[in-house]
Amino acid sequence: MPEQTKRLGMVLKGYPRISETFISNEIRGLEKNGFAVHIFSMRKPRENFTHESVRDIQARVTYLPESMLWGLPALVWNTLAYACSHPRRFTRGLRMLGSRFAGAPKKHTWLKHFMQGCFLANKAQGLEVAHLHAHFAHTPTTVALYGALFLDIPFSFTAHAKDIYTQAPERIREKLALARFAVTCTGYNKLFLDTLTERPEHIHKIYHGIDLSLFNGAAALREQQPAEPPYRIMTVARFVEKKGLPDILHALALLKKEGLDFRYALIGDGADRKQLKQLVDKLGLDNEVEFTGTIAHDQVLEYFRTAQAFVLACMEAKDGDRDGIPNVIAESMAMGVPVVSTNVSGVPELVEDRVTGMLVPSRDVEAIAEGIRSILTDAELRRRVIPAARDKVHEVFDNSVLIGRLGDIFADNDVPRSAN
């Protein structure tokens with residue numbers, strides 16, 4: 001098989017996922033950089049629509065059985081088929097399975113991930129997969145670890161946020177030791193991961209970045225447009241604890257009591273939807289808050305075009321989960337919508353207080369309210385922050401540049417590019 005047909009296998013938790021545009025943008029960018037990609041997804045899509053960028057991706061998808069109940073026949077058949085065709089590699093995998101079992105946090109999944117690795121390896125035969133790369137350092141990397149062992153190829157992974165901080169450090173340490181290299185999306189994450197390895201030079205910080213071509217010229221127009229009531233405020237987030245959405249609602253309630261006239265669009269969905277709607281009712285914000293549900297990216301851009309402030313009150317959740325740098329913060333900055341956010345994790349790497357946005361202490365409702373008020377009513381502050389935020393994003397968050405760097409790392413680690 002000629003080298004140009006060698007493929008980069010991407011192991012993903014789910015594909016496509018409406019909340020993970022950074023992954024689809026990365027795959028599309030890697031294909032433009034000459035890599036042939038095949039996707040191995042642990043879940044089928046849960047939404048009935050997807051982002052426009054996904055349609056440009058050429059990679060085909062193999063879906064792994066996600067349930068030990070309904071997927072058991074396929075998992076067993078492919079595991080046995082692989083064991084018969086590659087008994088020595090399968091035996092090595094069994095030894096690894098045994099060594100990892102004692103430390104497995106969820107004993108009921110340890111066998112499933114092993115069998116998913118067998119399924120992947122069996123389905124990958126004939127695809128000429130030369131390297132596996134997983135997104136997220138927990139279960140996708142575990143499946144990639146087994147899959148790479150069975151295929152006798154290297155693997156790597158990108159570590160993000162929850163997958164780092166809700167996982168036992170020794171589990172990440174093991175994966176860093178076995179991987180050819182690792183990537184992470186913030187300097188904050190890299191400093192932590194460096195403490196878990198004797199090879200920090202093999203951990204690369206690469207921001208996700210955004211497609212700046214979607215936002216050209218938007219910020220420049222905002223510099224000339226003062227914010228006026230009723231002020232239009234927005235948030236894009238999954239409805240989970242680490243996003244700090246109750247803190248935002250409490251801050252908005254304070255501003256309403258002070259007489260600030262505003263409308264707030266809360267874009268997204270999630271497990272906390274019912275509680276958030278109840279809180280809106282309790283705080284008397286029914287006339288101010290709009291729940292849009294999950295919408296496509298082009299619809300999100302329409303909200304950005306009319307918004308006058310973006311707020312995201314990132315926080316560390318009780319289980320240790322936290323954000324990296326949410327891409328919606330970068331998108332807001334690129335659109336000329338000034339950002340109010342908190343000093344959590346990697347957010348300060350992009351949002352510098354009163355320079356590229358408003359950065360306030362996490363969990364401080366009064367500070368969040370003051371940040372929103374300032375960014376809406378201080379015209380001079382807006383004129384200063386909007387262009388500085390746009391310049392910052394263009395300087396460090398251009399995904400065409402960042403995906404090019406990622407492609408160079410793959411190439412330096414012997415992942416072949418195609419003939420394109």
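**Helix α5.** I started with the length of α5, residues 139–151, in this predicted model. At 1.5 Å a residue, its 13 residues should span 18 Å, and I found the end C-alpha atoms 18 Å apart, so the two agree. Next I looked up burial: is α5 mostly covered or mostly open? Mostly covered, with 13 of its 13 residues buried.

**Cores.** I then went looking for nonpolar cores. The largest has 93 residues. I noted the ones with the most contacts inside this core: I27, L252, F262, Y264, F310, I329 and I372. Which helix gives the most to this core? I got α10, residues 245–257, with 7 residues. Another core, of 43 residues, lies apart from that one, and I spotted F119, A148, L176 and L196 among its members.

**I372.** Setting aside neighbours within four places in sequence, I found I372 in contact with I233, L252, L255, V311 and V340.

**α10 against α14.** Two packed helices are described by the angle between their axes and the distance between the axes, so I looked up both. I have α10 and α14 (residues 365–377) packing at about 65°, with axes 8 Å apart. The crossing is right-handed. From α10, I listed D247, H250, A251, L252, L254 and L255; these meet V365, E366, I368, A369, I372 and R373 of α14. Sorting that contact by class, I got 8 nonpolar, 1 polar and 3 charged residues.

Notes
Residues are numbered from 1 along each chain as its sequence is written. This is a predicted model: local features need pLDDT of at least 70, side-chain atom pairs count only at pLDDT 80 or more; totals for chains, interfaces and linings use all residues. Side-chain values use heavy atoms; hydrogens and water are left out. Helices (H or I, at least four residues) and strands (E, at least two) are DSSP runs, numbered from the N terminus. The expected span of a helix is 1.5 Å times one less than its number of residues. Buried means under 20% relative accessible area, exposed over 50%, partly exposed in between (1.4 Å probe, protein chains only). A nonpolar core is a set of buried Ala, Val, Leu, Ile, Met, Phe, Trp, Tyr and Cys residues joined through side-chain atoms within 4.5 Å. Contact means heavy atoms within 4.5 Å. Axes are lines fitted to C-alpha atoms, for helices over the stretch in contact, and angles run from 0 to 180 degrees between N-to-C directions. A crossing is left-handed if the near helix is turned anticlockwise from the far one by less than a right angle, and right-handed if clockwise. Ala, Val, Leu, Ile, Met, Phe, Trp, Tyr, Cys and Pro count as nonpolar, Asp, Glu, Lys and Arg as charged, and the others, Gly among them, as polar.
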